[in-house]
Amino acid sequence: MKKKNVMGRGKRTLLLFAKRVLTAAAIGSVIAIISNSFITVEGTNGKSRYFISPFAQKEMFEDSEVFDDILRKDAQDITRMSVIKSQLETDGVYDGKKQIDITAYVNRTSMVSEEEVTAEYYLDDLIKWGNYGFSYETVYGTESDFAIYFGLGKSETEMEIPSDLTMGDYALQSELTRQAIKYSAQVADKGTDSLSMRMIMELPDSLESYMERASEKGEMTVNTEDVLALDILVPRYYSASGMDLADYASDMEEYMMLRNNLVEACNQLYHNFTEYSSFKKFYGEDKTNVRYCYQMVVDGEIRYFTNLSQSYTNKSEKQITDEFSAYGRYLYYNPDRVEIKTNTQMTTEEMREILGSYEYAFGENSRVWIGVDTSYEVNDSLAKARAAFVSFMPYYWQTVALGALAMILSLWLLGVLTVYEGRKEEENEDGYVVALKKGDHFPTEIFLVLAASVTAGFCVLCGAAYDIAFSYTLAGEGVSPFMLTAAAVAAAFLLDWISTSFYLGLVRRLKVHTFWRDSLLWQLGRLLKRIVLRLYDNSHIVSRILIPFLIIAAFNLFMGILGTVGILFAGIVDIFVAVLLYMERKDLQKIVEGTQTIGSGDFGFKIDDSKMHGENRALAEAVNSIGDGIQEAVATSMKDERLKADLITNVSHDIKTPLTSIINFVNLLKRENIQDEKIKGYIEVLDSKSQRLKQLTDDLVEASKISSGNISLQMERLNFVELINQTVGEFSEKMNEKCLDLIANMPEKPVYIEADSRRIWRVVENLFGNVYKYALEGTRVYLDLAVKETDGQKLASFSMKNISAQSLNISADELTERFIRGDVSRSTEGSGLGLSIARNLTELQNGKFDIYLDGDLFKVIITFPCLEEQQ
């Protein structure tokens, strides 16, 4: 069956649709796998995502990496929460009246000297102060000025302590300085008599003010470099003893240290309190499946911090350990001996790292117990993660296989479409031609930019939509994996539609070799190349024209600068130059017309160069000499051709006379009853070679007549179908000798052409004889006669195809030259003139003779104009 080389439009549309569906299915499989392979867990630091490997389904949730990582983060949070509790609670309850040594608190991670100055504040006051912020007032004075204030002694004014801290207090914000001063005056019995407030009110607030005051006092020797600026912290709250912060300092350096310690303590405690509130929401007894108990030494006493309602004060380490061992998973850690007992994957190194940031809180006699109730009665992060882990995506591997198969089939269909893209059915050797579509005529650069822009823009849009949807899905915000997969399938289908359209457009350009030729860069390169070559080829003309032009332009510019007189003079010169140019162009036009006359065949024509000058005259003389040379060459060629034709004719005639006698005597010998087989063989050889010599002589005479034009044609109306059928009948016996099967496809109706009957017979006979001599034995020979219409004219086209016995390693044009044969070994009979004579006779009768070679396939087509059938 003959292979179909062209794909129909319906089949192409179906394959394109199938490819897009398969691509969308492959992308959908990937998105389905990804969106169903993550677990989202909410913790104190936000939401965390975990990837679940399909291989992890063989193990228990408590043995998985997901459980270990969640437990590790919980241990970090619980440890920090216990440390914060040790700072904020007393006997397991938040204590706002707890007194905080600000210097010791800020330096809790390092050793503090007992002599270092400090102050104690209530916990509520420090947290509130950290929430509201701090206000400073800058005052100016010398060291002696500040020494006077700090050396006054401590104030004994008692301050009213505010009420206990509530969560509502931390939603407030204020105008710090004004409100702080006002509040300080209200809460202190001594009003504005605090040392800080007296310094703010009494000391100058700028260097200029200080210098003016010194001048008023008569202190003219004050140096500005001795004047210092000090930021006084406006006292919003007073210490637990009712004293102002400045009362604790004996000099400016101590005050600045205390001020910085107070600010740092307020900020840290406020931050810890916000975390304390957050931790309670996650790690209360009814909020989590994690149970913990931290044994820590606070103020020299052993205290327990836990999220369980029971008390561990009177229990031993073993009792507590046994109690936590009853949970599904537990952990006991002794920092003193760096010892861990657990049925989890936690290690001593991990626990040391977790507690390492809080070494000041975990001194001697510190212990850690953590348990996980694996009944998961509370719906916390661990319970949700376990539920997602157990109900992992079903049919995982089937989805993977489906996606891989869909992608492979999609790529295979893309390859098929690539092969057949652009093909259009056509009656030629291949059976098709590649045609471009309307959109393929855009310049290549515009096409590529448009393709990249549209595809990239769509990808960015899809990527942004995917990120949003995927983030919501992983965050558990209501976008189901199914909806995400469906959206990905739709987006992939549209993206494949766009990208495939541009890809197939690129394929069509590459197939017809217009990708580079349609580019703006190629066209620009061609233009520049033509310009450069033209300048290079006509450099003398450029210099002869461009230099005078530049001189005239410069002259006109110079004359224009001189004013009206200069312009008039330049106009006269320009008119003179224009006349010269007109005369030169007129002479050049004569040369062009003379060249055209000589080119049309009038080689005796002469151009009148008597009034020409310069290059025009030299050009005219060259054209005249070319005409003379052509005329002489044509005459010599005609003479040589006539001599050659006469020589061939005379020699052929001289050969024919003895050759005729040889043929006649051979015929007489064949009639004799000769019994000797050896002699009969000699006679057969003589007969064969004499006939071949006769054929060669006739071919030479025929070729000579054709080349010299000494041949007359008797054109008449012929039935081309009948002529072919007669020739088939005459050559049937010869073809059977070589087992050549003639397969003729002839029209039922007559096909009439105008030709010389004897000459057209010679053409067809030569073609059949060529097949008989050179075709591969045992093969088929195809004969086709069809009527085609080209440019409104009907043409009779006869084609003959066969397989050559010898390798055809020459071109089709060479086969129609004289004495050229496809059988280079010359092992078969033939003069090498048959195809040449056939071609020349065909063209003399207004026909067309074409030869096509494809490997060992030999195909010849002769075409004649059809005559209308007579009624």
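How exposed is F17? F17 comes out partly exposed, at 46% relative accessible area (buried is under 20%, exposed over 50%, partly exposed in between, with a 1.4 Å probe and protein chains only).

Ground rules: this is a predicted model, where local features need pLDDT of at least 70, side-chain atom pairs count only at pLDDT 80 or more, and totals for chains, interfaces and linings use all residues. Residues are numbered from 1 along each chain as its sequence is written, and side-chain values use heavy atoms, with hydrogens and water left out.

1. Aromatic pairs. The count comes to 18 (Phe, Tyr or six-membered Trp rings with centres within 6.5 Å; planes under 30 degrees apart are stacked, over 60 edge-to-face, the rest tilted). F17 and F493 pair edge-to-face, at 6.0 Å centre to centre and 70° between planes.

2. A tilted pair. F731 and F768 have ring centres 5.5 Å apart and planes at 40°, so they count as tilted. F731 sits in helix 21 and F768 in helix 22, 37 residues apart. Both F731 and F768 are buried.

3. A ring cluster. Y121, W129, F134 and Y237 are joined by ring pairs.

4. Helix 18. Its 36 residues (564–599) reach 52 Å from first C-alpha to last, close to the expected 52 Å (1.5 Å times one less than the number of residues). Its buried residues include D587 and I591. Just after helix 18, G601 has a positive phi of about 125°.

Note on methods. Helices (H or I, at least four residues) and strands (E, at least two) are DSSP runs, numbered from the N terminus.
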